[in-house]
Amino acid sequence: MTKYRTEEDTLGPVQIPADALWGPQTERSRNNFPTGQYMPLAIIRALLNIKKAAAQANMETNAISEEKGNLIVQAIDELLALSDEELRKDFPLKVYQTGSGTQTNMNTNEVVAHKAHQLNPDIEILPNDDVNKGQSSNDTFPTAMNVVALEALDKLKPVVQHLIDELKAKQDKYMKTVKVGRTHLQDAVPLTFGQELSGYVAALEHDLDYIKTLEPTLNELAIGGTAVGTGLNAAEGMPEKIAEKLSEVYGLNLTADSNKFYGLANHSGLDVVHGALKSLAADMFKIAQDIRFLGSGPRAGYGELNIPANEPGSSIMPGKVNPTQAEAVTMAALRVFGNDTVVTMASSQGNFEMNVYKPVLIDAFLESADLLTGTIMGFADKMIHGMTVNEERMEELVDNSLMTVTALSPHIGYHDSAKIAQAADKAGSTLKEAALKSGKVTEEQYDEWMDMLKMTNVDRKD
């Protein structure tokens with residue numbers, strides 16, 4: 001049977017599992033809010049780093065004794081050294097709790113205090129008075145939100161660049177491989193596959209630029225605002241010292257030079273940066289859709305691309321290959337679209353001096369960044385890298401296209417060119433047969449004007 005110890009908070013006694021490092025406020029939350037996913041460990045680690053930086057800043061400003069401050073730092077260092085699995089044991093709270101994240105902040109305070117007691121029972125470390133000194137959940141939690149969002153973006157950006165590099169390699173390889181173009185899902189004039197891929201590359205380069213341009217807004221930290229933005233109970237100079245120490249830990253250019261009333265009540269920075277993630281997801285959806293449609297077949301689809309066979313595609317149809325990486329990234333994109341609504345709605349809920357949708361907002365943001373990071377990497381390595389072109393099929397479709405008649409238009413006019421295309425379609429003949437039959441074009445002229453590669457302007461220098 002589980003053994004318990006009894007501790008008290010301002011509401012009275014609480015029974016807590018005897019071996020747990022958390023205290024009464026964590027235990028209350030654990031029982032009051034059992035639903036949903038756990039608070040992301042990235043937030044926990046960020047809060048621990050904030051508590052460590054606060055203890056160091058408090059020592060430097062003489063707001064806490066070195067004896068207490070150093071013990072808090074030592075306790076946090078030991079917690080930060082734990083694996084995720086080990087750390088989770090003492091951080092059992094869920095995302096769906098108080099909207100300020102107060103219970104997770106107190107979970108952190110209580111665990112650090114109890115860990116400090118284990119290290120030195122002779123020095124009393126209190127969760128509120130010592131670990132949380134000069135802080136409030138209302139400024140530590142949003143500070144952690146910005147830090148972990150930046151951390152997640154640092155993992156995502158190189159993955160997007162990796163996909164760009166893989167696409168560029170294919171772009172260069174197939175720059176003169178002519179294929180039929182398609183607009184409105186109908187046949188259009190030719191282009192090269194390299195040109196088509198260059199559009200994908202440009203889209204992703206823009207998405208990466210959007211993220212890099214917008215992310216500096218997350219460098220502004222709420223720390224130092226304490227309860228409502230006024231900084232009550234925070235030592236002078238403490239916020240700046242915390243920002244400086246966090247910058248060193250995370251390799252970021254963080255600053256406490258910010259409007260604290262904004263920092264507690266508004267999360268427009270996270271909202272606008274997530275908008276860039278949504279744009280990336282939208283472009284990934286488009287790219288993945290194109291690739292899987294162009295690779296559809298092998299006999300009854302477009303059949304222009306050969307996609308890697310990563311795993312059996314069917315439990316009943318032998319030999320089937322499915323575009324699974326494209327399916328994964330498009331499903332992830334849908335989740336990002338949904339998360340963008342969550343982030344936008346949550347960021348709008350800054351009631352008076354504080355936003356109270358913080359946990360669900362950052363959970364949605366981190367899920368989006370994590371999903372994009374993982375599925376884009378898989379798409380780059382397990383689909384784009386091994387993808388090849390079916391040149392025979394591309395040539396067949398170009399030769400059979402009626403829209404190449406557009407190249408005749410400057411010579412014989414739009415009206416007569418349209419008649420040739422319509423005649424070929426009606427008779428089921430080739431475009432060349434219909435053109436010669438019209439008497440508007442000689443065979444020599446047709447062969448000169450209907451240069452498919454020349455139509456793409458791939459060699460044009462302007």
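Tyr 174 counts as buried, at 6% relative accessibility. Buried means under 20% relative accessible area, exposed over 50%, and partly exposed in between (1.4 Å probe, protein chains only). This is a predicted model: local features need pLDDT of at least 70, side-chain atom pairs count only at pLDDT 80 or more, and totals for chains, interfaces and linings use all residues. Residues are numbered from 1 along each chain as its sequence is written, and side-chain values use heavy atoms, with hydrogens and water left out.

A search of the whole structure finds two aromatic pairs. Rings of Phe, Tyr and Trp (its six-membered ring) pair if their centres lie within 6.5 Å; planes under 30 degrees apart count as stacked, over 60 as edge-to-face and the rest as tilted. The ring centres of Tyr 174 and Phe 193 are 5.9 Å apart and the planes stand at 55 degrees, so this pair is tilted. Tyr 174 lies in the loop between helix H7 (137-173) and strand S3 (178-183), and Phe 193 in helix H8 (residues 193-214), so the pair ties together parts that are 19 residues apart in sequence. Helices (H or I, at least four residues) and strands (E, at least two) are DSSP runs, numbered from the N terminus. Phe 193 counts as buried, at 0% relative accessibility.

The rings of Phe 285 and Phe 337 have centres 6.4 Å apart and planes at 35 degrees, so that pair is tilted. Phe 285 sits in helix H11 (residues 268-294) and Phe 337 in helix H12 (residues 324-347), 52 residues apart. Phe 285 is partly exposed at 22% relative accessibility. Phe 337 is partly exposed at 28%.

Back to H8. The buried residues of H8 include Phe 193, Glu 196, Tyr 200, Leu 204 and Ile 211. Seen down the axis of H8, its buried residues fall within an arc of 160 degrees, so they line one face of the helix. That arc is taken from the directions from the helix axis to the C-beta atoms.

Now the charges. A salt bridge is a side-chain nitrogen of Lys or Arg within 4 Å of a carboxyl oxygen of Asp or Glu. The count comes to 23 salt bridges. Asp 9 bridges to Arg 28, with the closest N and O atoms 2.6 Å apart. This pair links strand S1 (residues 4-9), which holds Asp 9, to helix H1 (residues 24-32), which holds Arg 28. Asp 9 is buried at 16% relative accessibility, while Arg 28 is partly exposed at 25%.
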